[in-house]
Number of protein chains: 2
Amino acid sequence: MAFVPLNLFLLKQEVASLEWSVDDPRAIHLKKVLRTETGDRVDFGVVDGPRGKGLVKWTGSGTVQISFEWNGPHPNDLVPISLLVGLSRPQTCRKVIEQASALGVSELIFFRAEKSQPSYEKSSLWDEEWQRLLIKGAEQAFSCHLPRCEKVNCLETAIQSSLFSTTRLALDVYEASQSLSEVTIPNNENTLLAVGPERGWSQSEREFLRDQKFTLSHMGQRVLRVETAVVASVGYLSANYWPGRGWAGE
Amino acid sequence: MAFVPLNLFLLKQEVASLEWSVDDPRAIHLKKVLRTETGDRVDFGVVDGPRGKGLVKWTGSGTVQISFEWNGPHPNDLVPISLLVGLSRPQTCRKVIEQASALGVSELIFFRAEKSQPSYEKSSLWDEEWQRLLIKGAEQAFSCHLPRCEKVNCLETAIQSSLFSTTRLALDVYEASQSLSEVTIPNNENTLLAVGPERGWSQSEREFLRDQKFTLSHMGQRVLRVETAVVASVGYLSANYWPGRGWAGE
């Protein structure tokens, strides 16, 4: 069986060295997937901190020791997009969390939409797994920065608690007034993007969005799954912030 | 457990009526997920043919009969993008096939890249499952049109067999000369987009791509999974063809 190597190990705190049991999943990854030997150097990072190299030493007594050489702090490489997503099935939310983190949105807020099922919130995903998925996405992207992530009770609270709100867009294949590509998003400005739950927006949510100055926008006439719509639209909007487009954050 | 309704049932051929055993997975979907009763009308489509409504009749003798009212042919709603993807793990290719079909690329060609593993081609995915995933993506998107899909031996063959080739782009986070958003893609023109396998392009593939007039392009500095890169880049490029952008195909 083939594995794809992790790009980066993210630690929660900057340390000079650490020791893992060989049974630790991270040690298993170092051994079985990266096939490291004593003396190998592996990419590590610290959440909101530096990237660096970890020097691997298999002790022969059931542990692996890693000593670090840290670089300067890794610049914030998140794009100034706040993403609001209507609570959907856990398997859908998992894909959204990992991929939104890999794409580097600044913020990911799930809200209980009128068409969300109450059972969605009871999933074990919302205990701790969501945090691991955020880290997994950032490790994949080779970044030390995680989106702020929370789960709130309704669309209104999600909008109120979002960091960004300059350009307000909501995806809607049915009642969009224009396509996402017709919306002008000035460089350097941030975007608040709302995506409905799997069963779509209710009429009262659409009215609320319009009241709150959101432009209902489509991405063509094809009906996309929530996770596909999130990745396609964040990919589209992120282009404003890629190098070469004059974004101050680069 | 909650299910998300299928948007459309796609049939391979236009028929006036049909009868399914109640054990048929499609009959089970009609019963358990859509909760249809006799007299209900459900969305159906024919591959490369019309959309219409199917009138449901549960016979009470172990079958469901469906009689159709077909509309005129459903216009081709695929975007003029040929997508080449380096063969990756089957679970990755599954996500690519279903989502590329939902996004509506015209063509999806998997090629054996230098860093593809030989085992990838032996997966049962390549027997028949890939066709079901194409249909699933189109059903999700509420479309009757499927991408042409094939699997070829190398990048060169993939390029030679692709329908479209006017603008030639290859994703590469490491040696890109510009970002995807700096590439000018005139409306009405088609695009050939190449995405490497999970382990990335080899140096000889990069040289071949440059020889073949591909522009190596990035989507920011974050390292994305193949399926995330595909959806984000196809989402980005599709914007050229969304309504309101003057594409003749609309």
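**Two chains, two interfaces**

Chain B and chain A bury about 3800 Å² between them, with 56% of that on carbon and sulfur atoms. Buried area here is the accessible area (1.4 Å probe) that two parts lose on being put together, summed over both. Before going on, some ground rules: this is a predicted model, where local features need pLDDT of at least 70 and side-chain atom pairs count only at pLDDT 80 or more, while totals for chains, interfaces and linings use all residues. Residues are numbered from 1 along each chain as its sequence is written, chains are lettered from A and ligands numbered from 1 in the order in which they are written, and side-chain values use heavy atoms, with hydrogens and water left out.

How do the two chains relate to each other? The same surface serves both copies, since 100% of the contact residues of chain B recur in chain A. Contact means heavy atoms within 4.5 Å, and by that rule 48 residues from chain B and 48 residues from chain A take part.

Now for the polar side of this interface. Between chain B and chain A there are 17 residue pairs in polar contact, both at pLDDT 80 or more. A polar contact is a pair of N or O atoms within 3.5 Å; within protein, one must be able to donate a hydrogen and the other to accept it, and residues adjacent in sequence count only if both atoms are side-chain atoms. Which elements are involved on the chain B side? Helix H2 (90-103), helix H3 (129-141) and helix H6 (226-238) of chain B each give two or more residues to the side that touches chain A; helices are DSSP runs of H or I, at least four residues, and strands are runs of E, at least two, numbered from the N terminus. H6(B) supplies the largest share, six residues. By class, this side of chain B has 20 nonpolar, 16 polar and 12 charged residues, where Ala, Val, Leu, Ile, Met, Phe, Trp, Tyr, Cys and Pro count as nonpolar, Asp, Glu, Lys and Arg as charged, and the others, Gly among them, as polar.

Four salt bridges cross between chain B and chain A, each a side-chain nitrogen of Lys or Arg within 4 Å of a carboxyl oxygen of Asp or Glu. One joins A:Arg225 to B:Glu98 at 3.0 Å, N to O. Another joins A:Glu98 to B:Arg225, at 3.0 Å, N to O. That pair runs from helix H2 (residues 90-103) of chain A to the loop between strand S12 (215-218) and H6 of chain B.

An automatic or database domain assignment gives domain 1 (9-73) and domain 2 (79-241) of chain A, with centres 33 Å apart, taken over C-alpha atoms. These domains of chain A bury about 760 Å² between them, 66% of it on carbon and sulfur atoms. A:Leu10, A:Asp48 and A:Arg51 supply 61% of the area that domain 1 buries against domain 2, more than any other three residues.
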